[in-house]
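This briefing covers backbone geometry and pocket lining. The structure is shown first, and the notes follow by topic.

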Amino acid sequence: MTSAQTSPLVFLKGHGTENDFVIVPDAENAVDLPPAAVRRLCDRRAGIGGDGVLHVVRSTAHPEARDMAGEAEWFMDYRNADGSVAEMCGNGIRVFARYLQHAGHVTAGEVAVATRGGVKRVHLDKDGSVTVRMGRALLPADGVTVTVDGRSWPARNVNMGNPHAVAFVEDLAHAGTLYDEPPYEPAAVYPEGVNIEFVADRGPRHVAMRVHERGAAETRSCGTGACAVAVATARRDGVDPAETGAPVTYTVDVLGGTLVITEHPDGEIEMTGPAVIVAEGTVEPEWLAGTV
C-alpha cells in the first residue's frame, strides 16, 4: 500500500463456479498491491482467501489501460494468488462485471471491461448469469507432452489471451493431486508458464475438466481454460465453425459447476456462467503490509 494510505482497505469476496476472488475497489489506482500483499489477501488460513485478486481501477487511472479507456471505463488489474500479474481470467471477469453492477457503476446489459488481454464485452443477463465475449483462440502449432505419475499425454496449445495446454485423459483422477504444476516438455513452449487442463468426455458436446492454474495450483474452475478446452475438443472432434459456418457449443463441467462455451464462425468465443458476490468487509493496512 502507499505510505499515505492509513485507512482500512475495503474488499469484497466473489466467485464464479467456485473460482473465488478478493475484489479490491480502487477507482483512482491509489492502492499499492505488491505481491506480498496479494498473497496475504489470498491466504486461505491467515487471510481472506481466494484464487486471485480483482483490482478494480478506472482505465484512465492505470498506465496499462489508458489506451483502452475510450472503449472501456473500467480495467481488471488481475493478480494470481501468488502475487504475479496475469493477462485475463474468464471467471474473474464475470465476477468483476457483477461487482460493477453491485456497486451501481453499471446496470444489466452490456459492459466493456479492459484487461491485459484486450477489451472484453460482458453481458449481465437478467436471469443472473453472465456471458463474456472472450475473443478468438489462437492455436500455435507447437504443443507439449504433459506427464503425471508415469502417464504422459500430448497437450494442445491454445491461447485465450493467456496460455493453455489441453490434455485429453480417460479419467480425471489421472491428473493426480495438482498441488504442483505437472511437468511438461519442451518447457520452452511456455516461457512464462501455462495453465494445464485435463479433460475427460461426458457425452456428446459435453466434457469435464480439472485445471492447474499457473500461480494458483488447482482451482475449482478456470474460465479461459474452459474456453480453451471447448476449442481443443471441437478440433479433436473435427469441428471448426470457420469451416462449417455454424456455431458449436460445448458444456464444460468444472469442479465448481458448469460453464457453457460457444464458438462462432467468425472465431468469437462466448462463455456463460454464474457470478456471485458473497461478502464485503475491510482489512487493516498494518495487517496487509505485514507489520502486525
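Glu18 sits in the loop between strand E1 (9-16) and strand E2 (19-25), strands being DSSP E runs of at least two residues, numbered from the N terminus. This is a predicted model, in which local features need pLDDT of at least 70, side-chain atom pairs count only at pLDDT 80 or more, and totals for chains, interfaces and linings use all residues. Residues are numbered from 1 along each chain as its sequence is written, and side-chain values use heavy atoms, with hydrogens and water left out.

**Backbone**
- Glu18, a residue other than glycine, has a positive phi near 65°.
- Glu18 has a relative accessible area of 36% and is therefore partly exposed (between 20% and 50%; 1.4 Å probe, protein chains only).
- Ala217 belongs to strand E14 (residues 217-219), and its phi is positive, near 65°.
- With 25% relative accessibility, Ala217 is also partly exposed.
- A cis peptide bond, with omega near -5°, runs from Glu185 to Pro186.
- Pro186 lies in the loop between strand E11 (184-185) and strand E12 (195-203).

**Largest pocket**
- The largest pocket holds about 190 Å³ of space, a volume being the space filled by probe spheres set on grid points joined across faces, edges and corners.
- A pocket is an open set of points on a 1 Å grid over the protein atoms alone, where a 1.4 Å probe fits, with protein on both sides within 12 Å along at least five of seven lines.
- Its lining (residues with an atom within 4 Å of a point) consists of Cys42, Asp43, Arg44, Arg45, Gly50, Asp51, Ala81 and Ala216.
- The lining residues divide into three nonpolar, one polar and four charged; Ala and Cys count as nonpolar, Asp and Arg as charged, and Gly as polar.

Conventions: Helices (H or I, at least four residues) and strands (E, at least two) are DSSP runs, numbered from the N terminus.
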